[in-house]
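Q: Hello! Could you walk me through how to read a protein structure, one feature at a time?

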Amino acid sequence: RDLHSFPTRRSSDLQLDLMFYYPKFVQNVVKEYELIIDALKRSDVAAAAKVMTLHYQSGREAIMFSQKW
């Protein structure tokens, strides 16, 4: 793996890498989406916003983690 390529890689490429190498990543994303959809179905805007914020944070953390390997 060429670590020097990470800064110029698109986040979508990093996400594909994470999905391939870390199946737990996919499980987390699916769970987050389920929570978001559930909150929207309940028309709970505050809960949806909270879960979306957590989703963005976990995605950022996953990308930061992927840059370490």
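A: Happy to! Let's begin with burial: a residue is buried under 20% relative accessible area, exposed over 50%, and partly exposed in between, using a 1.4 Å probe and protein chains only. His55 has a relative accessible area of 13%, so His55 is buried.

Q: What kind of model is this, and how are residues numbered?

A: This is a predicted model, in which local features need pLDDT of at least 70, side-chain atom pairs count only at pLDDT 80 or more, and totals for chains, interfaces and linings use all residues. Residues are numbered from 1 along each chain as its sequence is written, and side-chain values use heavy atoms, leaving out hydrogens and water.

Q: What is pLDDT, and which helix has the lowest mean value?

A: pLDDT is the predictor's confidence in each residue, from 0 to 100. For the protein chain the mean is 78, and 64% of the residues reach 70 or more. Among the elements, helix H1 (residues 11-21) has the lowest mean pLDDT, 65, while H2 has the highest, 90.

Q: How many helices and strands does the chain have?

A: Both are DSSP runs numbered from the N terminus: helices are H or I with at least four residues, and strands are E with at least two. Here the protein chain has 3 helices and 0 strands, giving the pattern α-α-α along the sequence.

Q: Where does His55 sit, and which residues does His55 touch?

A: A contact means heavy atoms within 4.5 Å. His55 belongs to helix H3 (residues 45-66). Leaving aside residues up to four places away in sequence, His55 touches Val29, Glu32, Tyr33 and Ile36.

Q: Is Val29 buried or exposed, and where is Val29 found?

A: Val29 is buried, because its relative accessibility is 17%. You will find Val29 in helix H2 (residues 23-41).

Q: What is a salt bridge, and how many does the structure hold?

A: A salt bridge is a side-chain nitrogen of Lys or Arg within 4 Å of a carboxyl oxygen of Asp or Glu. The structure holds 2 salt bridges. Arg42 meets Asp38 at 2.4 Å, N to O, and Arg42 also meets Asp44 at 3.3 Å, N to O. Salt bridges that share partners join Asp38, Arg42 and Asp44 into one network.

Q: What is the phi of Ser43, and where does Ser43 lie?

A: Most residues other than glycine have a negative phi. Ser43, however, has a positive phi, near 60°. Ser43 lies in the loop between H2 and H3 and counts as exposed, because its relative accessibility is 59%.
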